[in-house]
Number of protein chains: 2
Amino acid sequence: MSAINTNFLSLERNYLFAEVARQVREYKLANPDKSVISLGIGDVTMPLPRCAVEAIGAAAAEMGAADTFRGYGPEQGYDFLRDGIADYYRLRGVELESREIFVSDGAKSDLGNILDIFDRGIVSLIPDPVYPVYLDTNIMAGNKVVYAKADESNDFLPMPDYKIDADVVYLCSPNNPTGAAYNAAQLGMWVDYALAKGAVILYDAAYERFIKDDLPHSIYEIEGAKECAIEFCSFSKTAGFTGTRCGWTVVPDALAVGGVKLNGLWLRRQCTKFNGVPYIVQRAAQAVLSDKGLKEIDVNIDYYRRNAQIISGALCDAGVEHCGGKNSPYIWLKCGCDSWDYFRTLLCGAQVVGTPGSGFGKCGEGYFRLTAFSSYENTLEACKRIKSLYRKI
Amino acid sequence: MSAINTNFLSLERNYLFAEVARQVREYKLANPDKSVISLGIGDVTMPLPRCAVEAIGAAAAEMGAADTFRGYGPEQGYDFLRDGIADYYRLRGVELESREIFVSDGAKSDLGNILDIFDRGIVSLIPDPVYPVYLDTNIMAGNKVVYAKADESNDFLPMPDYKIDADVVYLCSPNNPTGAAYNAAQLGMWVDYALAKGAVILYDAAYERFIKDDLPHSIYEIEGAKECAIEFCSFSKTAGFTGTRCGWTVVPDALAVGGVKLNGLWLRRQCTKFNGVPYIVQRAAQAVLSDKGLKEIDVNIDYYRRNAQIISGALCDAGVEHCGGKNSPYIWLKCGCDSWDYFRTLLCGAQVVGTPGSGFGKCGEGYFRLTAFSSYENTLEACKRIKSLYRKI
């Protein structure tokens with residue numbers, strides 16, 4: 001017997017973005033005169049809001065002076081930020097206690113680490129296609145993965161199947177990569193399922209700020225969710241924090257499994273294996289949640305939204321079936337062929353880079369993801385080229 | 001069967017520092033006229049070095065401008081910092097490739113998370129007394145814990161026992177809480193043990209910057225260590241980063257278990273469950289490792305060292321047996337009674353707060369930890385009181 005976690009050996013190579021980069025590199029080498037535009041990136045491009053930059057500067061100055069220096073902070077985050085996040089939820093009519101909120105260094109970390117408080121070998125219900133971290137972290141933990149298929153038949157929004165006895169259920173809404181977002185009635189059905197099965201919903205709300213329609217931003221807008229759901233959110237896409245690293249996780253007091261409160265377990269996990277988010281970053285996040293900050297970030301969100309509308313409009317003009325883009329920075333289009341073939345067609349025919357849907361799961365085959373995170377000018381140009389390509393083929 | 005990780009239920013309540021705080025609070029309430037000095041804190045008190053504050057400000061400005069903004073960085077850290085850390089090791093004659101270095105948000109996180117790449121149920125050899133995180137994370141993982149006793153008989157430096165077949169071995173040098181530090185010959189014996197047993201040493205070097213004597217700062221100064229050891233280090237105590245959060249973990253290329261390279265496993269773990277340290281913090285850490293930065297932090301280290309010498313001198317004067325304080329910010333003294341009784345004697349008799357040794361493990365009973373992290377003035381005053389108390393008893 002080996003002392004390593006052999007589950008790691010069952011992980012597939014995470015070649016998706018590396019392979020995309022390789023093929024783009026090769027194409028550029030062979031075609032040095034062509035200008036290639038990427039609509040493939042899942043990263044923001046607008047700079048950090050001014051309020052955040054100023055807050056970092058002020059906090060760094062505090063850290064540099066003996067009388068205002070701060071050492072170890074609370075592992076679960078400073079009250080000033082937890083209170084700010086509770087206020088943010090209150091704007092949507094969701095009441096949370098600060099102690100139910102844990103400041104994190106991003107949704108990805110906590111979505112991965114949350115499995116620490118669950119048993120090994122549990123049944124995890126994971127959408128397909130989806131953000132690869134859910135699957136990979138469950139493979140690492142040796143859990144049993146069951147898929148909830150997202151396809152045209154369900155508008156890319158899988159609904160509960162009572163034949164499946166899941167211990168945890170991953171939901172991501174608005175979804176990465178499909179851009180589909182649940183409405184309140186649909187989320188209510190998931191809450192009903194979780195309560196009936198004693199399952200815990202792990203709700204990834206990282207893209208909630210992109211919602212424009214009358215849809216829930218938080219699962220806690222649904223009655224009963226505090227008894228069955230943990231919510232993960234992030235400043236990454238909301239406020240351009242992908243390189244600044246801050247998010248939060250909500251573990252409601254009312255959430256218990258087998259009589260054990262998960263809030264206490266997660267608190268113990270974080271106090272033991274985490275030492276909190278940098279003070280300077282927490283001050284930046286607090287600034288983002290101020291009235292002034294929220295106005296500032298919405299200018300950026302609107303910028304990305306406009307890009308999404310441009311892409312969606314171009315696809316409509318070209319007669320390409322797609323979803324997303326309305327409440328999400330992601331557009332999910334139907335290739336009409338193999339995802340990777342489509343990737344090459346778009347790259348060679350329009351010099352536009354996107355992401356093959358098959359990289360997000362088996363059900364992603366035949367689909368393709370475009371993102372709204374490029375510049376306005378590049379988005380316009382890329383869409384012009386895509387339309388022109390479709391006229392030719 | 002419950003879906004939670006029931007190992008959490010086996011954890012003891014982490015009451016040590018909470019209980020210390022409670023008793024101090026009660027004492028202060030009952031004795032409002034007394035001035036209480038804490039030599040109990042394990043947190044730094046000197047402000048962040050000027051070079052770090054400046055680097056944060058400059059990096060925040062970069063993040064606020066479209067043309068210099070940075071989104072997701074490499075999960076394992078930017079090359080500018082990994083190269084800086086490699087250079088830091090080179091000062092001690094240790095050659096590391098940048099890809100062997102993983103930038104972390106602190107030693108605590110990685111010391112906890114590292115167990116992800118090991119099997120469940122492994123045998124972990126843990127010193128007693130020691131930093132409680134080693135034990136708690138192993139309990140959470142359901143591992144089998146065996147203790148290596150640190151006491152007067154081994155100068156608080158446990159040595160290998162070949163009767164024990166450990167899968168992982170935790171070493172912390174200079175040690176928290178005893179302040180004892182291994183020499184090269186002793187570490188060589190641990191490397192020999194690990195190589196003979198196929199065990200992995202998890203080497204916590206968080207206090208290396210306090211070493212003054214001719215002792216190894218890194219386990220990689222020992223031949224063969226790259227084949228059997230992972231090293232954790234931190235800017236927390238070195239540069240006052242306890243609230244700024246940056247450290248690093250070295251997983252050498254040559255380290256394999258059962259033919260599987262741990263560097264690849266840890267890279268996969270980090271890419272899946274971590275999204276890197278904030279860019280602004282990595283720039284601050286880089287500044288600390290510059291020539292100017294190292295000079296700046298050594299002024300702070302010397303300040304704490306002087307405090308440690310003052311405490312050690314006072315204990316000598318009072319005839320109190322102790323170790324540490326020479327290559328470490330921690331002083332470990334023999335109470336001559338129960339650790340908690342001593343705590344109360346010191347609090348009530350000298351208005352000085354320290355930490356009962358029993359809080360760090362069974363072998364800590366009868367011992368007591370004082371730290372050098374208070375101010376010079378408070379350290380002097382506390383020592384005066386301790387000496388005066390010993391004259392009375």
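Author: In this predicted model, 62 residues of chain A are in contact with 61 residues of chain B. On the chain A side, the elements that each give two or more residues are helix H2 (50-63), helix H4 (107-113), helix H5 (132-140), helix H8 (262-273) and helix H9 (279-288). H2(A) gives the most, with seven residues. By type, the side of chain A that touches chain B divides into 30 nonpolar, 19 polar and 13 charged residues.

Consider next how the two copies are placed. A rotation of 180°, with 0.0 Å of shift along its axis, superposes chain A on chain B with an RMSD of 0.0 Å. That is the relation of a two-fold axis. Of the residues of chain A, Gly57(A) comes closest to this rotation axis, its C-alpha lying at 2.6 Å. Because 98% of the interface residues of chain A are also interface residues in chain B, the copies meet through the same surface.

One residue of chain B shows the meeting of the chains in detail. Leaving aside its neighbours within four places in sequence, Ile56(B) is in contact with Ile56(A), Ala60(A) and Ile280(A) from chain A, and with Ile280(B), Arg283(B) and Ala284(B) from chain B. Ile56(B) also has a place in the largest nonpolar core, which holds 258 residues. The members of that core that touch the most other members are Ile56(A), Val169(A), Ile201(A), Ile56(B), Val169(B) and Ile201(B). As a general matter, nonpolar side chains tend to be buried together in soluble globular proteins.

The buried residues are Val133(B), Tyr134(B), Leu135(B), Asp136(B), Thr137(B), Asn138(B) and Met140(B). Their cover includes H8 of chain A. From chain B, the cover includes helix H4 (107-113), strand E3 (123-128), strand E4 (144-149) and strand E5 (168-172). Just after H5(B), Gly142(B) takes a positive phi of about 70°.

It remains to set the interface within the chain as a whole. Chain A has 12 helices and 15 strands. Its radius of gyration is 21 Å, close to the 21 Å that the globule rule gives for 393 residues, so chain A is as compact as a globular protein of that length. The C-alpha atoms of chain A fill a box of roughly 60 × 55 × 50 Å along the principal axes, and buried residues make up 57% of the 393 residues in the chain. Among contacts in chain A between residues at least 6 apart in sequence, 72% join residues at least 24 apart.

Key: Residues are numbered from 1 along each chain as its sequence is written. Chains are lettered from A and ligands numbered from 1 in the order in which they are written. This is a predicted model: local features need pLDDT of at least 70, side-chain atom pairs count only at pLDDT 80 or more; totals for chains, interfaces and linings use all residues. A nonpolar core is a set of buried Ala, Val, Leu, Ile, Met, Phe, Trp, Tyr and Cys residues joined through C-beta atoms within 7 Å. A residue is buried if 20 or more other C-beta atoms lie within 10 Å of its own, exposed if 12 or fewer, and partly exposed in between; C-beta atoms are placed from the backbone. Two residues are in contact if their C-beta atoms, placed from the backbone, lie within 7 Å. Helices (H or I, at least four residues) and strands (E, at least two) are DSSP runs, numbered from the N terminus. Ala, Val, Leu, Ile, Met, Phe, Trp, Tyr, Cys and Pro count as nonpolar, Asp, Glu, Lys and Arg as charged, and the others, Gly among them, as polar. The radius of gyration is taken over C-alpha atoms; the globule rule is 2.2 Å times the number of residues to the power 0.38. Copies are superposed by least squares on the C-alpha atoms of residues with pLDDT of at least 70 in both.
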